[in-house]
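Welcome! Have a look at the structure below, and then we will walk through a few of its residues together.

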Amino acid sequence: MQQQWIDRDVAVNWHPYSQMKTSTHLPIVRGKDAYLFDMEGNRYLDMVSSWWVNLHGHSNSYIADKVYEQLNTLEQVIFAGFTHLPAITLSERLLELLPSNQEKVFYSDNGSTAVEVALKMCIQYAYNQGKQKNKIVAFKDGYHGDTFGAMSVSARGQWTAPFADLLFDVLFIDAPTAENLEANKKIIAEHADQIACFIYEPLVQGAGGMLMHQAEHLSDLMVYCKSQGVLLIQDEVFVGFGRTGTLFAADQLTEKPDVMCFSKGLTGGTMPMGITTCTEELYQAFYSDDKKKALFHGHSFTASPIACAASLASMDLLLLDATQAKIKAIVESHYQFAEELKGYENAKNVRQTGTILAFDWETKSETSYFNRVQEKLFNEFMKRGVLLRPMGNVLYILPPYCTEKEDLEYTYQQILELLNNNDI
Ligand SMILES: *Cc1c(COP(=O)(O)O)cnc(C)c1O
């Protein structure tokens, strides 16, 4: 039965980030809380939050009810020339939670588009003032999405090689440490008058391998960029909505960004939506009697009312004391487990930021996404009923906030058993 569906799937579907000849794709028929279920009744603990999007568990009935209600009220309306209550309310509530300088909300439909909008805002901000700024600064090993602009500002590698000639030039700098502030400042100072913006993943560089840096070092760099008139785009697509232990990574930084990007956890992981927020100052550069100064960007499903309803419901849940307590409990459990991991020789660079725990699984071959240990570990964990999907040899745990303590403990136990297993 299951095999039939797998066969039908490969006959018609082309999966993301997959070499279709060598990959397999397991049909999932149901999800509840932290669990996913296959056709044979096996259950899997979703310890990657389904590609980092899920916050409150699968098939959350509170979100489902709110979405159903919205579907029966207004499912969609063109967002140019029209508006609707879910978008107004969501923007108001989100801005309330963001750094105080964030004043306007622009909707799109995924993380990559949220980034595209941010880049266009910053480049046109200069253009609308009669300046030409065409340089962008980004971190090495960053990831901001798969569309061309987002790809350009992300790390270059195997994935981007076919498109290398078509990607625009970016000044890549090292993620901040206590030592490299002066070197980074120098690069920025040399090009300051041509730099439109600096885009970065705050605190955790997710797809780059859950690389972490300290808030204090990023804050220093942000302060310097501000002093040089470089706009800051803070990509919280991954880290937003509680992942780092605070509501936003911004809550741990002393400097405020000019532009912020959100997606992934925005709807609690139920629906695609992207948001780009900005300051009043940036917005004012577009606000004019001159039509040409407008931001000419939009998507068919801009500010989807049902996605807004899902986000509002997810926000209700996120702000509950009970959810905040769960997040705190995950952070504390991870901390204990990280300490334990440090006693294992083959667990290198054990690192944690909030609910995100990661380490490098030491193997003979070099760290890379294409490293075979990935497949081996993935299969072993699946056999044990845990969905963990290493990036190369970087193993990370990213639980939905609803995860029960015993399920976390079970996951930790499986990791320790496999670390002790000499066949890996
Ligand atoms: C996933 C991700 C994106 C892209 O989001 P998509 O919805 O997958 O297009 C952008 N920035 C960061 C930091 C991400 O982790």
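How exposed is phenylalanine 148? Phenylalanine 148 is partly exposed, because its relative accessible area is 41% (buried is under 20%, exposed over 50%, partly exposed in between, with a 1.4 Å probe and protein chains only).

## About the model

This is a predicted model, where local features need pLDDT of at least 70, side-chain atom pairs count only at pLDDT 80 or more, and totals for chains, interfaces and linings use all residues. Residues are numbered from 1 along each chain as its sequence is written, and side-chain values use heavy atoms, leaving out hydrogens and water.

## Aromatic pairs

The whole structure holds 15 aromatic pairs (rings of Phe, Tyr and Trp, the last by its six-membered ring, with centres within 6.5 Å; planes under 30 degrees apart are stacked, over 60 edge-to-face, the rest tilted). Phenylalanine 148 and phenylalanine 163 make an edge-to-face pair, because their planes are at 75°, with centres 5.7 Å apart.

Another pair, phenylalanine 198 and tyrosine 200, is tilted, with 35° between the planes and 4.8 Å centre to centre. Phenylalanine 198 is buried at 0% relative accessibility, and tyrosine 200 is buried with a relative accessible area of 0%.

## Lysine 264

UniProt, in an unreviewed entry, lists Lys264 for "modified residue: N6-(pyridoxal phosphate)lysine" (positions follow the numbering used here, feature names are shortened, and annotations may be inferred rather than shown by experiment). Lysine 264 is partly exposed, at 22% relative accessibility. Among the residues it touches are Trp52 and Phe238 (contact means heavy atoms within 4.5 Å; residues up to four places away in sequence are not counted). Trp52 and Phe238 also form one aromatic cluster with Tyr396.
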